Amino acid sequence: MNSGMVLLGVTILVALVFDFLNGFHDSANSIATVVSTRVLSPKLAVVWAAFFNFVAAFVFGTAVAKTIGQGLVRLDIMTQYVVMAALLGAIVWDILTWWWGLPTSSSHALMGGLAGAAIARSALIHGWRTCFSVILPNGWTKTLIFIVVAPIMGLVIGLGMMVAVSWIFRRKTPTNVDRLFRKLQLLSAAAYSLGHGGNDAQKTMGIVAGALYTAGLINADDFHHSWGHYHWPIVLAANAAIALGTYFGGWRIVHTMGSKITKLKPVGGFCAETAGAITLWVTAHAGIPVSTTHTITGAIVGVGTTQRLSAVRWGVAGRIVWAWILTIPASAGVAMATFWIIRLINPNA
């Protein structure tokens, strides 16, 4: 086996490790509401979410994967080392924010890592004046717009659903409403987990497809369409990795999402999860790589505001927003540093 194939194998392994950490880091998004409302125990909740994360492989296409793989940076600057540095930048940021208990976006960490590594290689080859030309504005525009739009969509839909449900069931007793929505929340949690798997696993698919392209195993036509013979192995491996990460779960972030932002009842959990699921399903089909974390946080805030504005802990929400703002530049910085270290070790990287 030549060194190129070994490097490809290591790159794909690191990509799947990132995917696992994505599920681990973002497990709170899928299960925090259903756990905090005590509809499911934590153990049953992670099994439920992990199962639907994997099933998403058979529900969604690969529109988001194609945006990540070919729509963010120029393919001519991509090498195995750029992909590796991008993944390590995202992994480091994910681990740090997991340790701090902040529900940041693994998706945006990956995008920031990819941009940082590509810019670093371009700067070393062509100089700093033109290094930012490797960024493809069209791919970034819709993604950056949806950093704002996705949580607002979640907030507005969650708020609207909560108001509608409150009016529809205004004559029902709280006990009957609670009993009904404890059952319905199983469906909303499943729908959200499908959206989570469908959106987030595709980002790793795009990275793996890019690694195969730089290794010469797929050509430009394969890359733009279905990745040749590697389509289903990539899809299944990515969804399996994120499902396993969800199963093992990140309990620090569950606490933040499930109870620190606002207190939820089953009806609120159902509305938040359904609002998040609608947003994720729409954006996944449109090929827009949004943050599942941003989406569910916006939905939870929307549900919380129907009680009263003081029901939302705005200090916690503020810390989360700052973490969102820092994610792309921070992961880009780590990825740049990682690529430069790789370049010192291997001048041909």
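Me: Is Phe58 buried or exposed?
Reply: This is a predicted model, in which local features need pLDDT of at least 70, side-chain atom pairs count only at pLDDT 80 or more, and totals for chains, interfaces and linings use all residues. Residues are numbered from 1 along each chain as its sequence is written, and side-chain values use heavy atoms, with hydrogens and water left out. Buried means under 20% relative accessible area, exposed over 50% and partly exposed in between, with a 1.4 Å probe and protein chains only. Phe58 has a relative accessible area of 54%, so this residue is exposed.

Me: Which class does Trp232 fall into, by its relative accessibility?
Reply: The relative accessibility of Trp232 is 42%.

Me: What kind of aromatic pair do the rings of Phe58 and Trp232 form?
Reply: Rings of Phe, Tyr and Trp (its six-membered ring) pair if their centres lie within 6.5 Å, and planes under 30 degrees apart count as stacked, over 60 as edge-to-face and the rest as tilted. The centres of Phe58 and Trp232 are 5.8 Å apart and their planes stand at 25 degrees, so the pair is stacked.

Me: What kind of aromatic pair do Phe181 and Phe270 form?
Reply: Both Phe181 and Phe270 are buried. Their rings lie 5.2 Å apart, centre to centre. With 65 degrees between the planes, the pair of Phe181 and Phe270 is edge-to-face.
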